[in-house]
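User: I'd like to learn how to read strand pairing and salt bridges in a model. Could you walk me through this one?

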Amino acid sequence: MDAKIEFVKNWSDDDMSQLTISICDGASRFCHEVYVDPQRLRDAVRGLDVFKDDVYGGTYDLRFGVFGPTYAAGAFHAHFQFDRYADLLITVHAQSRFVEFPINQVASEVTLYLTALPGQLDDFVRALRAVSDGHADSATLDAAGPYF
């Protein structure tokens with residue numbers, strides 16, 4: 001399995017897009033769906049576009065959905081941080097939608113760690129912009145596992 005974060009737009013209308021997000025650290029893989037407001041997706045592209053040039057200690061938090069049982073689907077939070085060598089360190093926390101379980105409602109959750117290079121982030125920002133603009137249905141951030 002290749003380490004990566006992949007966003008695939010399943011459908012969208014004027015008010016909402018449904019994304020399937022797959023995260024793989026090279027050993028483990030987690031796949032779930034989130035709902036994203038189109039403006040929130042555009043804002044994320046703008047924020048990542050600014051962040052990608054801050055290779056000397058910058059951080060950025062990409063969030064889609066809301067954690068907990070009151071939201072319609074899953075949640076995604078990726079913390080991006082450049083280390084002192086300008087390598088991108090990524091911590092992803094993701095949660096599936098809640099479902100009925102015999103005792104109560106439950107959701108699967110994962111925390112995965114990945115690394116990437118600045119050029120890989122540049123490619124991802126371009127691809128995510130194409131998804132946001134309606135010119136593509138997927139964007140992938142190629143990465144490596146926790147260590148190069």
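User: Which residue in strand 10 is the bridge partner of Ile5?

Analyst: Strands here are DSSP E runs of at least two residues, and helices are H or I runs of at least four, both numbered from the N terminus. Two strands count as paired if DSSP finds at least two bridges between them. Here Ile5 has Leu141 as its bridge partner in strand 10. That bridge belongs to an antiparallel pairing of strand 1 (residues 4-12) with strand 10, which runs over five bridges. Keep in mind that this is a predicted model: local features need pLDDT of at least 70, side-chain atom pairs count only at pLDDT 80 or more, and totals for chains, interfaces and linings use all residues. Residues are numbered from 1 along each chain as its sequence is written, and side-chain values use heavy atoms, leaving out hydrogens and water.

User: What is the strand order of the open sheet?

Analyst: The order is 3-2-1-10, four strands with antiparallel pairing. Strand 3 (29-36) and strand 10 (138-142) are the edges, each pairing on one side only. From one strand to the next, the twist averages 15 degrees.

User: Which strands does helix 2 touch?

Analyst: For contact, look for heavy atoms within 4.5 Å. For angles, axes are lines fitted to C-alpha atoms (for helices, over the stretch in contact), and values run from 0 to 180 degrees between N-to-C directions. Helix 2 (residues 118-132) packs on the sheet and touches strand 1 and strand 10, its direction making about 170 degrees with that of strand 10.

User: How many salt bridges are there?

Analyst: The rule wants a side-chain nitrogen of Lys or Arg within 4 Å of a carboxyl oxygen of Asp or Glu. That gives six salt bridges. Take Arg129 and Asp49, whose closest N and O atoms are 3.4 Å apart. Arg129 sits in helix 2 and Asp49 in helix 1 (residues 38-51), so this pair ties together parts 80 residues apart in sequence. Asp49 also forms a salt bridge with Lys52, at 3.5 Å between the closest N and O atoms.

User: Is Lys52 buried or exposed?

Analyst: Relative accessible area under 20% means buried, over 50% exposed, and in between partly exposed (1.4 Å probe, protein chains only). Lys52 is buried at 17%, whereas Asp49 is partly exposed at 26%. Arg129 is partly exposed too, at 31%.

User: What separates Arg126 and Asp123 in helix 2?

Analyst: About one helical turn, because they are three residues apart. Their side chains meet in a salt bridge at 2.4 Å, N to O.
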